[in-house]
Amino acid sequence: MATNNIWQLSWNSKNYDAEGRMLAAAASEEKRNMIQSWGRSSITNIGKIKTGDTIYISCKKKCIGKAVVIQPFRQSTEIITDEFVRNQDEHEERHGNRWYCHLRITEFYFGNYRRDLCGNQNTFCNPRNAFWKN
């Protein structure tokens, strides 16, 4: 029996309206489904993220939400964007490799419910000292 892994997904507040995304997910079942890019990182480990894996979402060094992978990474023929992108030029450069997965946001945290979670250069990572490992 395979076990699901836990990952961290980091969003940069300069380039993505993370607060808007979480508010939309809290308000609408439809907005809980989203497409997430791999980013600029090497795709060496892209196959490690599987359907059913848990994703903790961070922004500004806080955990703002939790999601589950509903479709693993696949390469698209085009760059995909959404309404929460703030910096379109940076977005197109960052997502040039066109690798995307589908996530379903299952929890969203606001105010004092946001736990500390270090920011990361890589979009997806498996941090050593994350709160879910303690």
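1. Fold. The secondary structure of the protein chain consists of two helices and six strands, where helices (H or I, at least four residues) and strands (E, at least two) are DSSP runs numbered from the N terminus. Read from the N terminus, the order of the elements is β-α-β-β-β-α-β-β. The radius of gyration of the protein chain is 14 Å, close to the 14 Å of the globule rule for 134 residues, so the chain is as compact as a globular protein of that length. That radius is taken over C-alpha atoms, and the globule rule is 2.2 Å times the number of residues to the power 0.38.

2. Basis of the note. This is a predicted model, in which local features need pLDDT of at least 70 and side-chain atom pairs count only at pLDDT 80 or more, while totals for chains, interfaces and linings use all residues. Residues are numbered from 1 along each chain as its sequence is written, and side-chain values use heavy atoms, with hydrogens and water left out.

3. Overall dimensions and surface. Along the principal axes, the C-alpha atoms of the protein chain fill a box of roughly 40 × 35 × 30 Å. The protein chain exposes about 7900 Å², of which carbon and sulfur atoms supply 47%; accessible areas come from the Shrake-Rupley method with a 1.4 Å probe, and for residues only the protein chains shown count as cover. Of the 134 residues, 43% count as buried (buried: under 20% relative accessible area; exposed: over 50%; partly exposed: in between; 1.4 Å probe, protein chains only).

4. Contacts along the sequence. Among contacts (heavy atoms within 4.5 Å) between residues at least 6 apart in sequence, 75% join residues at least 24 apart.

5. Nonpolar cores. A nonpolar core is a set of buried Ala, Val, Leu, Ile, Met, Phe, Trp, Tyr and Cys residues joined through side-chain atoms within 4.5 Å. The largest has 26 residues, and those with the most contacts inside it are Trp11, Ile55, Ile57, Phe73, Leu103 and Phe124. At least two residues of this core come from each of strand 1 (6-11), helix 1 (18-27), strand 3 (54-59), strand 4 (62-75) and strand 5 (99-108). Another core, of seven residues, lies apart from it and includes Tyr109, Ala130, Phe131 and Trp132.

6. Isoleucine 55. Neighbours within four places in sequence aside, isoleucine 55 is in contact with Trp7, Leu9, Gly65, Lys66, Ala67, Val69, Leu103 and Phe124.

7. Tryptophan 99. This residue belongs to strand 5 and counts as buried, at 19% relative accessibility. Not counting residues up to four places away in sequence, tryptophan 99 touches Gln36, Ser37, Trp38, Ile43, Ile46, Phe73, Arg74 and Gln75. Its C-alpha atom is separated by 10.0 Å from that of isoleucine 35, 64 residues apart along the chain.

8. Arginine 21. Located in helix 1, arginine 21 counts as buried at 4% relative accessibility. Its contacts, leaving aside neighbours within four places in sequence, are Trp11, Tyr16, Lys31, Asn33, Met34, Asp82, Phe84 and Ile105.

9. Positive phi values. Lysine 60, in the loop between strand 3 and strand 4, has phi near 55 degrees, a positive value in a residue other than glycine. Lysine 60 is exposed, with a relative accessible area of 66%. Arginine 98, in the loop between helix 2 (88-94) and strand 5, likewise has a positive phi, near 60 degrees. Arginine 98 is partly exposed, with a relative accessible area of 28%.
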